[in-house]
Amino acid sequence: MKTRITELFGIKHPIIQGGMHFVGFAELAAAVSNAGGLGLITGLTQRTPEDLSREIARCREMTDKPFGVNLTFLPSVNPPDYPGYVKSIIDGGVKIVETAGNNPVKWLPALKEAGIKVIHKCTSVRHSLKAESIGCDAVSVDGFECGGHPGEDDVGNWVLLPRAAEELKIPFVASGGVGVASQLVAALAMGADGINMGTRFIATKEAPVHENVKQAIVAASELDTRLVMRPLRNTERVLVNAGVERLLEKEKALGAAIKFEDIIPEVAGVYPKIMLEGVMDAGAWSCGMVAGLIHDIPTCQELIDRIMSEAQTIIRKRLEGMLAA
Ligand SMILES: Cc1cc2nc3c(=O)[nH]c(=O)nc-3n(C[C@H](O)[C@H](O)[C@H](O)COP(=O)(O)O)c2cc1C
């Protein structure tokens, strides 16, 4: 399949693996890229820029296909060493960066000068237009269904994607809630040039996370995610568990008075415990509603091949067949 996204990134299939904290290590990024998609290393999961440089080098040993790095810009009192991470990306010869969180405008000149293509992840049409206006090459439009941070507008992809298509000139991919071929075809029909998947890629053989995480996703239904941190305007969609129930109780009890400090036990430092040790009730970890559509743990190659071949069947047989001769 040839789309503006496969052309932009030099990949075979219009499928991107979104950056994921403590999931997006070199093993997963390389597996996705080797399967013809675009794999992304999660920059901030690497503790220092030097660690990121090593991770990029490791990924390059595992694939000769294009791969990228996710850089998430979070509001924080002690910001990470962003200039250092950007330098590691540039020096490491990476040519694709997924930015997310705050406006990446400050970092674009350096990235562009190094010939890097930038795809910014946004949860609204207005942020997508902003990304276009500051010179991003593409956007990932993340609907309300998504695992992670859906923003505060709560617009699902059924409306968000065609709205993005009405306004954007740069290519965009559909992100959030995507896991199966029919959604790729629907996304293309709604004007997207590909898909970005997070949760679906966690439940793959190569995802370097604890087996408990993969099994929890397979066991979960579309009803098993919750929105946390809404009162802090930092909404995150997570898989429900005992830690999340505790967090929600605190939100109910403290109301508008809640502060980040109140929920530190349920959110801070949780990812290594969950992803590496498999302590599933440790606290809140991002997971999308698409869990309801995930029933197996294939290799990345099997997953991507399945999506592409079923998409072809849907387009050629089901859709074409509906047109009167
Ligand atoms: C466990 C997990 C961790 C994530 N961490 C990040 C992150 O660090 N930075 C980021 O930009 N997006 C992050 N995301 C969001 C994904 O990149 C992607 O946009 C999202 O998962 C898409 O929704 P889906 O899970 O329904 O496919 C994370 C998602 C998950 C499930």
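Tutor: By class, the shell around the ligand in this predicted model holds 16 polar, 9 nonpolar and 4 charged residues. These make up the 29 residues that surround the ligand, and the closest are Gly18, Ala100, Gly147, Gly198 and Gly288. At least two residues of the shell come from each of β3 (67-73), β8 (195-197) and α9 (199-202).

Ile202 leads from there to the nonpolar core. The largest nonpolar core has 89 residues, and Ile202 is among those that touch the most other members, together with Ala29, Ile41, Val97 and Ile217. Beyond its neighbours within four places in sequence, Ile202 is in contact with Met20, Val23, Ala207, Val209, Val213, Lys214 and Ile217.

The next part is a loop. Pro150 lies between β6 (138-142) and α7 (157-167). Pro150 has 23 other C-beta atoms within 10 Å, and because 20 or more count as buried, this residue is buried. Its contacts, apart from neighbours within four places in sequence, are Thr123, Asp142, Phe144, Gly176, Thr235 and Arg237. Asp154 is placed in the loop between β6 and α7 as well. Asp154 has 13 C-beta neighbours inside 10 Å and therefore counts as partly exposed. Its phi is positive, near 60 degrees, although the residue is not glycine. Most residues other than glycine have a negative phi.

Arg233 also has a positive phi, near 55 degrees, and is likewise a residue other than glycine. Arg233 sits in the loop between β9 and β10. With 8 other C-beta atoms within 10 Å, Arg233 is exposed.

β9 (225-228) and β10 (236-239), along with α12 (264-267), are included in what covers the buried residues of α11. These buried residues are Gly243, Val244 and Leu247. Seen down the axis of α11, they fall within an arc of 100 degrees, and therefore they line one face of the helix. On the other side of α11, the exposed residues are Ala242, Glu245, Glu249, Lys252 and Ala253. The length of α11 can be checked too: its 13 residues, 242-254, should span 18 Å at 1.5 Å a residue, and the end C-alpha atoms are 18 Å apart, which agrees. After α11 comes Gly255, with a positive phi near 55 degrees.

Technical notes
Residues numbered from 1 in each chain as written. Predicted model: local features only at pLDDT ≥ 70, side-chain atom pairs only at ≥ 80, totals over all residues. Helix = DSSP H or I, 4+ residues; strand = E, 2+ residues; numbered from the N terminus. Expected span 1.5 Å × (residues − 1). Buried ≥ 20, exposed ≤ 12 C-beta atoms within 10 Å, placed from the backbone. Arc of directions from axis to C-beta. Contact = placed C-beta atoms within 7 Å. Core = buried A, V, L, I, M, F, W, Y, C linked by C-beta atoms within 7 Å. Near = placed C-beta within 6 Å. Nonpolar A, V, L, I, M, F, W, Y, C, P; charged D, E, K, R; others polar.
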